[in-house]
Amino acid sequence: MKQIKWKDILSKCFGKKKDERAHAIAMLIIYSVFIFILVVVIRTQPSVGEPNHNTSNLNSNQQTPLISPSPSPTTEEEGPEIESYEINYSYIYTVTNNNQKEVFTGKKLDDKEIFTIISETGSTNYAKLSDNYLLKENGEYHIVDRPSENLIYTDLETIISLVEKGNLVKNDHIYTYSISTSDIVRSYHPDLKLAVEETLRDFVIVTLEEGKIKKIEINFDHYHQVVQNNSLATLQIIMEFNDIGTTQYFDVTVSN
């Protein structure tokens, strides 16, 4: 059987001295193969409006983007990343402890704060450097003990740890966390041995505005009732944030 010399055939079809008839036949074969492959590819692709089942199954396992609209107001999802919240902001915290109201208004920049405590007895100016509290007198700051026990309920790190343990229900830009009361007791009083009913829960509500945390509302009534052993005890905290990322620089001078 005579061996096919492909080099001679290619030269005849596409070489400098190509045979026009052979070249035309070769091009026809090439176009036919190309059209066949194109038809196969088109037929194997899903038509418009037809779901790709493999892609659908993959996407169903992915988490909903952080601040995407929720299709259902009762769908449990991942909450906003409070831990990545700006540490440059102004604030107003209102703590109502057994009907006694105390307001903290101030601003935070990195690891320092200046704030005023307002209560029924008047107002006093303070600062905070890392974990140290300072009282402002005659234009200077002096180190003092924590000026109010209510300040522990405005600590964002503790709130972060608590909401991470809670159950979340999202409704548009509002995130409601249901947190076990026993977890709250252990967070604020790790050495306090108290029997807490497993069914008791307290709540934290986080409200976003333009993708940033605008308000945190806390109801710790059950926690307060357990700790104080008083079924009438109440504790609510409202934390409002402003000037996020735009708070101007300020200095805190400690007296010698």
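Reply: Of the 256 residues of the chain, 34% count as buried. Keep in mind that this is a predicted model. The chain has six helices and eleven strands, and its accessible surface comes to about 17,200 Å², with 52% of that belonging to carbon and sulfur atoms.

Me: What makes A195 count as exposed or buried?

Reply: The relative accessibility of A195 is 80%, and exposed means over 50%, so A195 counts as exposed. A195 lies in the loop between helix 5 (181-188) and strand 9 (201-209). Its C-alpha atom is 8.2 Å from that of S182, 13 residues apart along the chain.

Me: Helix 5, then. Why do D183 and R186 count as a salt bridge?

Reply: The N to O distance between their side chains is 2.5 Å, and the cut-off is within 4 Å, so the pair is a salt bridge. The two are three residues apart in helix 5, which means they are separated by about one helical turn. In general, an α-helix has 3.6 residues a turn, so residues three or four places apart point the same way. D183 has a relative accessible area of 15%; buried means under 20%, so D183 is buried.

Me: How many salt bridges does a search of the whole structure find?

Reply: Three. One of them joins K108 and E113, with the closest N and O atoms 3.8 Å apart. With the limit at 4 Å, that pair qualifies too. K108 is at 17% relative accessibility and counts as buried, while E113 is at 13% and counts as buried as well.

Me: And what makes R146 and E149 a salt bridge, and how accessible are they?

Reply: Their side chains meet at 3.2 Å, N to O, and the requirement is within 4 Å. R146, at 38% relative accessibility, counts as partly exposed, because that value falls between the 20% and 50% limits. E149 is at 53%, and over 50% is exposed, so E149 gets that label.

Me: How do you know that D221 has no salt bridge?

Reply: The nearest side chain of opposite charge is K101, and it is 14 Å away. D221 is found in helix 6 (residues 221-228). Leaving aside neighbours within four places in sequence, D221 is in contact with D202, A233, T234, L235 and Q236.

Me: Which other residues of helix 6 are buried, and what covers them?

Reply: Besides D221, the buried residues of helix 6 are Y223, H224 and V226. Their cover includes strand 1 (88-97), helix 5, strand 9, strand 10 and strand 11 (235-242). Just after helix 6, N229 takes a positive phi of about 55°.

Me: Now the aromatics. Why is the Y153 and Y223 pair called edge-to-face?

Reply: A search of the whole structure finds eleven aromatic pairs. For Y153 and Y223, the ring centres are 5.9 Å apart and the planes are at 75°. Centres within 6.5 Å make a pair and planes over 60 degrees apart make it edge-to-face, so that is the label here. The pair links distant parts of the chain, 70 residues apart: Y153 is in the loop between strand 6 (140-144) and helix 4 (156-163), and Y223 is in helix 6. Y153 and Y223 are both buried.

Me: What makes F220 and Y223 a pair of that kind?

Reply: Their ring centres are 5.9 Å apart and their planes are at 65°. The angle is over 60 degrees, so F220 and Y223 are edge-to-face. F220 is buried, and so is Y223. Elsewhere, Y89, Y91, Y93 and F241 form one aromatic cluster.

Me: Last one: what makes strand 9 a partner of strand 8 and strand 10?

Reply: Two strands pair if there are at least two bridges between them. Seven bridges join strand 8 (residues 174-180) to strand 9, and the two run antiparallel; T176 stands opposite I205 in strand 9. Strand 9 and strand 10 (residues 212-219) also pair in the antiparallel sense over seven bridges, with L208 opposite I213 in strand 10. Strand 9 and strand 10 form a hairpin with two residues between them, and E210 in the turn has a positive phi of about 55°.

Technical notes: Residues are numbered from 1 along each chain as its sequence is written. Side-chain values use heavy atoms; hydrogens and water are left out. Helices (H or I, at least four residues) and strands (E, at least two) are DSSP runs, numbered from the N terminus. Buried means under 20% relative accessible area, exposed over 50%, partly exposed in between (1.4 Å probe, protein chains only). Lys and Arg count as positive and Asp and Glu as negative; His and the chain ends are not counted. Contact means heavy atoms within 4.5 Å. Accessible areas come from the Shrake-Rupley method with a 1.4 Å probe; for residues, only the protein chains shown count as cover. Rings of Phe, Tyr and Trp (its six-membered ring) pair if their centres lie within 6.5 Å; planes under 30 degrees apart count as stacked, over 60 as edge-to-face and the rest as tilted.
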